[in-house]
Amino acid sequence: MENKILTEMPQYRLRRGLLLALAILLTMAACFAAGVYLNSIAYADESQELSTTSIVAMAADSVVEISTESVTTGQSMRQYIVEGAGSGVVIRSDGYIITNNHVIEGASKITVTLRSGESYEAALVGTDETTDLALLKVDATGLTTATVGSSAQLAIGDTAIAIGNPLGELGGTVTQGIISALDREITLDGRTMNLLQTDAAINPGNSGGGLFNGQGELIGIVVAKSSGSDVEGLGFAIPVDDAMEVLEQLLSQGYVSGRVDVGMEFQDLTQRTSYMSFFNMGSQSAVYVSSVNKGSNAEKAGFRSGDRIVSINGAAVSSASDATALLEAGSVGDRVSIVVVRDNQQATLTLTLEEYIPD
């Protein structure tokens, strides 16, 4: 009996060893499979885009229609109302809405209409001409806000979906495309801006609306489309990272610190023939001072309406946008030498740049 037990012991140990090895192999295989599965899920979460329908469901309620009224004086000093339209994006549920400055500039009345059809009269919190942004406030709570993404994480070819109010009467319109270029340098109304470029259809009235990525996050504030009847597929948006930096200051103080206030307006000669005749300016093509703000450093320096701008700090000036760009490139407190012509006499005036602080 003892010999039989001793004879079977090696076989038992062999079977037990084989079973243990098999169990270890099965455990390792299970762990490996679980790891691959988990990795695939994480990868899918990082790369998966929502459907267009899902993006619209997530973002559309945060985009609003904006209509404006402004009073303009026409011939015979008659005043009349001019209406305008654009778009905006809700960035705080308690009624704060971001849009373009050019959408609301000069408006005496601003009305915001939600996707639900509810309308509110909006108050202007602050503006920044340099970035063409403005912040509005309506008396409402519980509004749907946009989920803010990061424009720094964008790549050319990423999904881009624009939601806005094209033509001022088609609120909630959705167009889809891609990010065509990053950090595109564009000059708008004499100001050079670095913008996102998209081929999503952009039309007048889209200004101030949202540009969203494939996850439904806000990545830009639509600002313009390229002009020209033969030009399509060229729309532009302010990167949301830039917009949020400006927004913080507009929320806290209504303006952006460090912006230069020139204290006067410029006009290209070719755009004001009647104005030129009034000031006996002749027919020379140049840049003129069209108005000087009362109490400004420009007024204190001696500038007058009708002065022709020849140069700024030695740089020749050929357009109103040149003059504005050269002055705004300086810093608050800088002393700038400006050569002007008045009554056929040339003079040099010194302007101390002051900070723009709204009334």
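Residues count as exposed when their relative accessible area is over 50% and as buried when it is under 20%, and these cut-offs apply to the close-up views of this predicted model that are described below.

View A. Asparagine 344 lies in the loop that links strand E19 (335–342) to strand E20 (345–352), and its relative accessible area of 73% is over the 50% cut-off, so asparagine 344 is exposed. Although asparagine 344 is not a glycine, its phi is positive, at about 65°. Asparagine 313, for its part, is placed in the loop between strand E17 (308–312) and strand E18 (315–316), where its phi is near 50°, again a positive value in a residue other than glycine. With a relative accessible area of 53%, asparagine 313 also counts as exposed.

View B. The volume of the second largest pocket is about 370 Å³. Its lining consists of 19 residues, of which Thr130, Arg191, Thr192, Met193 and Glu328 are the closest to the centre of the pocket. Two or more lining residues come from each of strand E10 (191–198), strand E13 (235–239) and helix H7 (320–328), and the contribution of E10, with 5 residues, is the greatest. Sorted by class, the lining of this pocket comprises 7 nonpolar, 7 polar and 5 charged residues.

**View C. The pairing of strands E10 and E13.** Strands E10 and E13, both of which give residues to the lining of the second largest pocket, pair with each other in the antiparallel sense over 3 bridges. Within this pairing, glutamine 197 stands opposite phenylalanine 236 of E13. E13 itself is mostly covered, since 5 of its 5 residues are under the 20% cut-off and are therefore buried.

**View D. The pairing of strands E15 and E16.** Strand E15 (residues 264–268) runs antiparallel to strand E16 (residues 287–292), and 5 bridges join the two. Strand E15 is mostly covered, with 4 of its 5 residues buried.

**View E. Glycine 306 beside valine 289.** Glycine 306 is placed in the loop between helix H6 (297–300) and E17. Its relative accessibility is 16%, which is under the 20% cut-off, and glycine 306 therefore counts as buried. Along the chain, glycine 306 and valine 289 are 17 residues apart, while their C-alpha atoms are separated by 5.3 Å.

**View F. Alanine 134 in strand E7.** Strand E7 (residues 133–137) contains alanine 134, which is buried, its relative accessible area being 0%. From C-alpha to C-alpha, alanine 134 and valine 246 are 9.2 Å apart in space, although 112 residues apart in sequence.

**View G. A lysine charge over a tyrosine ring.** The charged end of lysine 137 sits over the ring of tyrosine 96, at 5.4 Å from the centre of that ring. With regard to contacts between rings, the count of aromatic pairs in this predicted model comes to 0 under a rule that requires the ring centres of Phe, Tyr and Trp to lie within 6.5 Å.

Notes: Residues are numbered from 1 along each chain as its sequence is written. This is a predicted model: local features need pLDDT of at least 70, side-chain atom pairs count only at pLDDT 80 or more; totals for chains, interfaces and linings use all residues. Side-chain values use heavy atoms; hydrogens and water are left out. Buried means under 20% relative accessible area, exposed over 50%, partly exposed in between (1.4 Å probe, protein chains only). Two strands pair if DSSP finds at least two bridges between them. Rings of Phe, Tyr and Trp (its six-membered ring) pair if their centres lie within 6.5 Å; planes under 30 degrees apart count as stacked, over 60 as edge-to-face and the rest as tilted. A charge sits over a ring if NZ of Lys or CZ of Arg is within 6 Å of the ring centre and within 35 degrees of the ring normal. On a 1 Å grid over the protein atoms alone, a cavity is a set of points where a 1.4 Å probe fits but cannot get out, and a pocket is an open set with protein on both sides within 12 Å along at least five of seven lines; lining residues have an atom within 4 Å of a point. Grid points are joined across faces, edges and corners, and a volume is the space filled by probe spheres set on the points. Ala, Val, Leu, Ile, Met, Phe, Trp, Tyr, Cys and Pro count as nonpolar, Asp, Glu, Lys and Arg as charged, and the others, Gly among them, as polar.
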